[in-house]
Amino acid sequence: MNQIIPEAHEKRRSAAAEAEILLGCHGLGVRRDGRWLIRDVDLEVRRGEIVSIVGPNGGGKTTLIKTLLGIERPSAGHIVRPRGVKLGYVPQRLAVDRTMPLSVERLMTLVRRAPRADVAAALEETAVAHLLRRPVQELSGGEFQRVLISRALLGKPDMLVLDEPVQSVDFSGQVDLYRLIASLRDLHGCGVLMVSHDLHVVMRATDRVLCLAGHVCCTGEPGDVSRSPEYMRLFGPQAADTLAIYAHKHDHVHTPSGEVVPAHGHDHDHHHHGHAGEGGH
Ligand SMILES: Nc1ncnc2c1ncn2[C@@H]1O[C@H](COP(=O)(O)OP(=O)(O)OP(=O)(O)O)[C@@H](O)[C@H]1O
């Protein structure tokens, strides 16, 4: 596991603060069927930065990503995506039937044609070049994710956007995948935006965390936390349920209709469980 060394992290953080914004949004809202799926979301990802979106099921993480990518239409606010910025997307699910016979090589060029050498180089980068001729349905969860990341790399993106890159991957595989994502950021100097359920692993591999439960509940820099004794206690070996102990003050509650209303000064730390619109907590 990549331990965050405070000094290196600090250096990167100040470099990222100066860097160009690759992707972001201001006051972004998506409303469907009379309900706000996400609302008032502000986000900026700069070159060289890894930003992670965490939050409960149904909190709007995928909706946010899809809206940033132009797959979903925003209902409010605006998206920041400077001209010329190339995005590489690793989706949560692939619209390809995994039961159909399909080789890794074919999957890599299904949407975008690419020279063989580029395909081989992209697979090499994620250490799965040896899987070129294998049928995708034989791959492990971790191998499949690596192939999808390679596919995104083929377009030489300035920004990698990953939706749940570690799902169906075991714990040590998750650690390896986050390490790979961090090394790709270092190598290419790209920005990274990723969605994750589990804060405990993503926490160490990220520069900034945004907790989304319909709206931005909190956003913070895990590096600040990592320097404190609390971090060692909270995110040490027993950090299995880090999301629950990622303590943050709440000044609001969620009503059953998904509205956010002030909590009349009763701040509390709490667990994020259930759906964003499931009522107050
Ligand atoms: N096109 C749509 N129309 C109506 N409701 C939608 C649409 N897309 C998503 N939703 C709803 O919006 C909410 C947010 O979904 P979303 O997939 O963005 O959440 P998520 O945080 O990514 O969840 P998970 O962690 O389970 O992947 C859910 O209640 C979902 O059912």
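Me: Which helix gives the most to the shell around the ligand?
Reply: That is helix α2, residues 61–68, which contributes three residues to the shell. Helices here are DSSP runs of H or I with at least four residues, and strands are E runs of at least two, both numbered from the N terminus. This is a predicted model, in which local features need pLDDT of at least 70 and side-chain atom pairs count only at pLDDT 80 or more, while totals for chains, interfaces and linings use all residues. Residues are numbered from 1 along each chain as its sequence is written.

Me: How many residues surround the ligand, and which are the closest?
Reply: There are 13 residues around the ligand, and the closest are Arg32, Asn57, Lys61, Thr62 and Thr63; a residue counts as near if its C-beta atom, placed from the backbone, lies within 6 Å of the molecule.

Me: And how does that shell divide into nonpolar, polar and charged?
Reply: One residue of the shell is nonpolar, nine are polar and three are charged. Ala, Val, Leu, Ile, Met, Phe, Trp, Tyr, Cys and Pro count as nonpolar, Asp, Glu, Lys and Arg as charged, and the others, Gly among them, as polar.

Me: Back to α2, then: which strands does it lie across?
Reply: α2 lies across β1, β2 and β4, and runs at about 120° to β1. Contact here requires C-beta atoms, placed from the backbone, within 7 Å, and angles, from 0 to 180 degrees, are taken between N-to-C directions of lines fitted to C-alpha atoms, for helices over the stretch in contact.

Me: What is the order of strands in that open sheet of three?
Reply: The order is β2-β1-β4, with antiparallel pairing, where two strands pair if DSSP finds at least two bridges between them. Because β2 (35–46) and β4 (76–80) are the edge strands with a single partner each, one side of each has no neighbour in the sheet. Between β1 (residues 21–32) and β2 there are eight antiparallel bridges, and leucine 28 has valine 41 in β2 as its bridge partner.

Me: Changing topic, what is the strand order in the sheet of six?
Reply: That open sheet runs β5-β6-β7-β3-β8-β9 and its pairing is mixed. Its edges are β5 and β9 (216–220), each with a single partner strand, so one side of each is left without a neighbour in the sheet. From one strand to the next, the twist averages 15°.

Me: Which sense does β6 pair in with β5 and with β7?
Reply: β5 (residues 87–90) and β6 pair in the parallel sense over four bridges, and β6 also runs parallel to β7 (residues 191–195), to which five bridges join it.

Me: Is β6 mostly covered or exposed?
Reply: β6 is mostly covered, with five of its five residues buried, meaning that 20 or more other C-beta atoms, placed from the backbone, lie within 10 Å of a residue's own. Met159, Val161 and Asp163 point one way from β6, whereas Leu160 and Leu162 point the other way.

Me: How is the chain divided into domains?
Reply: Domain 1 covers 6–86 + 157–256 and domain 2 covers 92–156, with bounds from an automatic or database domain assignment. Their contact takes 13 residues from domain 1 and nine residues from domain 2. On the domain 1 side, β6 (159–163) and α6 (171–188) are the elements that give two or more residues, and α6 gives the most, with four residues.

Methods
Two residues are in contact if their C-beta atoms, placed from the backbone, lie within 7 Å. A residue is buried if 20 or more other C-beta atoms lie within 10 Å of its own, exposed if 12 or fewer, and partly exposed in between; C-beta atoms are placed from the backbone.
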